[in-house]
Amino acid sequence: GQHLHDRDVFVSAAGGLRLPEPAADLAIAAAPWTLPAMDSLMLGEPVRRHGGGLPLDGGFTRPSPTTPVLAERLSGLGMRAAAFVSNPHLRASFGFDRGFQRFDHSDAWEEPHAAWALWGLVGWRALGWPPRLWARRDPLLVNAALRWWAEAGDAQRFLWVHLMSPHEYRRDPALSNPALEKEDPERLRRAYAEASARGWAEATRLIEGLGPQTRIVLVADHGESLGEEGRWGHGSALIDPQLHVPLAARGFGEGPSGGQVAVAALADALVRGALGSLSAEVVEVGGLRRDASGFGLRIAGGSYSARPPPAPAADPAEMAVQGELLEALHAIGYVPGP
């Protein structure tokens with residue numbers, strides 16, 4: 001943090017991406033689902049230290065608001081910061097807008113109902129039904145991010161774009177039957193591959209639109225189980241399919257030298273403008289969606305060992321899961337429907 005970066009910085013976190021196998025390097029997320037994993041990415045700390053995203057009755061814990069987050073640290077270095085995100089957990093009311101001069105969350109967008117009704121009357125016979133908002137959010141986020149980038153001109157700037165396409169592979173009503181996991185698992189895996197391809201396409205379009213001189217970091221917040229050990233989805237276990245994520249960078253010089261990388265160390269590395277310190281023989285992981293005591297260490301080579309949970313806070317800050325948030329979480333399958 002002793003100097004300003006000489007180029008711009010970009011971070012993209014895409015929900016639920018997996019690396020193609022085999023992969024030579026292992027980037028390990030701090031947690032197997034979005035809320036604690038993104039707390040760690042923004043705070044630069046493992047879940048066991050910041051204490052955010054752990055289950056409570058009726059909600060989840062939140063980290064201390066006094067710990068500076070990545071955007072605040074970069075803004076302190078003179079950067080303008082903007083975020084374009086699409087996940088119900090990453091709302092401004094839960095602290096993810098800290099340090100950003102512009103924070104644009106797609107949950108605030110509304111379907112243009114009147115336009116869809118008109119289309120249904122006059123246009124659908126020729127061109128088909130229009131796509132719903134959930135299917136268009138990533139392209140709209142990328143468009144908005146690129147507009148902000150162009151308007152910022154030559155200013156030093158930091159951009160966070162959080163894409164959701166890989167996360168949405170079960171949004172097709174035809175794939176909503178849980179029995180598919182046993183009856184036709186390959187169909188689910190194909191749907192995941194197609195959704196991931198859409199996410200990569202939007203990430204590629206964004207990176208190309210930012211220009212060749214822009215510093216880029218592409219990382220996922222968590223992985224996804226696709227039938228390994230009988231598990232599907234994420235947030236349920238501290239295992240490689242749910243913690244192993246893609247990580248790619250451009251413009252930062254020499255990268256990490258080891259085979260295992262701690263994603264939670266990215267915040268410090270981005271402030272320094274060098275990624276060489278990301279290598280880690282041991283990565284601390286934790287933050288299961290339904291188990292506040294689940295913590296462990298991933299040791300280079302692939303083994304895991306359990307770690308005791310921290311002492312619970314006397315009066316933890318809480319994110320209540322109710323109202324509009326509950327409806328949004330129903331929509332993306334994080335909690336059962338009414």
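These questions and answers walk through a predicted model of one protein chain.

Visitor: How many helices and strands are there in the chain?
Guide: The model is predicted, and its elements are numbered from the N terminus. The chain holds 11 helices and 17 strands.

Visitor: What share of the residues counts as buried?
Guide: The cut-off for buried is under 20% relative accessible area. The accessible surface of the chain is about 15300 Å², with 54% of it on carbon and sulfur atoms. Of the 338 residues, the buried share is 49%.

Visitor: Among contacts between residues at least 6 apart in sequence, what percentage joins residues at least 24 apart?
Guide: A contact here is a pair of heavy atoms within 4.5 Å. Of the contacts in question, the share joining residues at least 24 apart is 67%.

Visitor: Which residues have the most contacts inside the largest nonpolar core?
Guide: The largest nonpolar core has 42 residues. Elements giving two or more residues to this core include α1 (34-43), α3 (70-76), β7 (157-163) and α11 (323-331). Another core, of 16 residues, lies apart from it, with A82, W149, L163 and I216 among its members. In the largest core, the residues with the most contacts are L70, F158, W160 and L275.

Visitor: Is R298 buried or exposed?
Guide: R298 lies in strand β15 (residues 291-299). Its relative accessible area is 1%. The cut-off is under 20%, so R298 is buried.

Visitor: Which side chain is joined to that of R298 by a polar contact of 2.4 Å?
Guide: Leaving out residues up to four places away in sequence, R298 touches L26, I28, D240, Q260, E281, V282, V283, S303 and Y304. The side chain at the other end of the 2.4 Å polar contact belongs to Q260.

Visitor: Which residue of β15 is the bridge partner of L288?
Guide: Strand β14 (residues 282-288) is mostly covered, with 6 of its 7 residues buried. β14 and β15 run antiparallel, joined by 6 bridges. They form a hairpin with 2 residues between them. The bridge partner of L288 is D291.

Visitor: Which strands stand at the edges of the open sheet of 3 strands?
Guide: The order in this sheet is β3-β4-β17, with antiparallel pairing. Each edge strand has a single partner, so one side of each is left without a neighbour in the sheet. The edges are β3 (55-56) and β17 (317-320).

Visitor: What is the bridge partner of P55 in β4?
Guide: β3 and β4 (residues 59-62) run antiparallel and are joined by 2 bridges. P55 has as its partner F60.

Visitor: How far does helix α8 reach from its first C-alpha to its last?
Guide: Helix α8 (residues 185-210) has 26 residues. At 1.5 Å a residue, 38 Å is expected. The model comes close to that, at 38 Å.

Visitor: Which residue just after α8 takes a positive phi?
Guide: The buried residues of α8 include L188, Y192, A195, G199, A203, L206 and L210. An α-helix has 3.6 residues a turn, so residues three or four places apart point the same way. Just after α8, a positive phi of about 95° is taken by G211.

Visitor: How far apart in space are N143 and E202, C-alpha to C-alpha?
Guide: N143 lies in helix α6 (residues 133-151). N143 counts as partly exposed, at 29% relative accessibility, whereas E202 is among the buried residues of α8. In sequence, N143 and E202 are 59 residues apart. In space, their C-alpha separation is 9.7 Å.

Technical notes. Residues are numbered from 1 along each chain as its sequence is written. This is a predicted model: local features need pLDDT of at least 70, side-chain atom pairs count only at pLDDT 80 or more; totals for chains, interfaces and linings use all residues. Side-chain values use heavy atoms; hydrogens and water are left out. Helices (H or I, at least four residues) and strands (E, at least two) are DSSP runs, numbered from the N terminus. Buried means under 20% relative accessible area, exposed over 50%, partly exposed in between (1.4 Å probe, protein chains only). Accessible areas come from the Shrake-Rupley method with a 1.4 Å probe; for residues, only the protein chains shown count as cover. A nonpolar core is a set of buried Ala, Val, Leu, Ile, Met, Phe, Trp, Tyr and Cys residues joined through side-chain atoms within 4.5 Å. A polar contact is a pair of N or O atoms within 3.5 Å; within protein, one must be able to donate a hydrogen and the other to accept it, and residues adjacent in sequence count only if both atoms are side-chain atoms. Two strands pair if DSSP finds at least two bridges between them. The expected span of a helix is 1.5 Å times one less than its number of residues.
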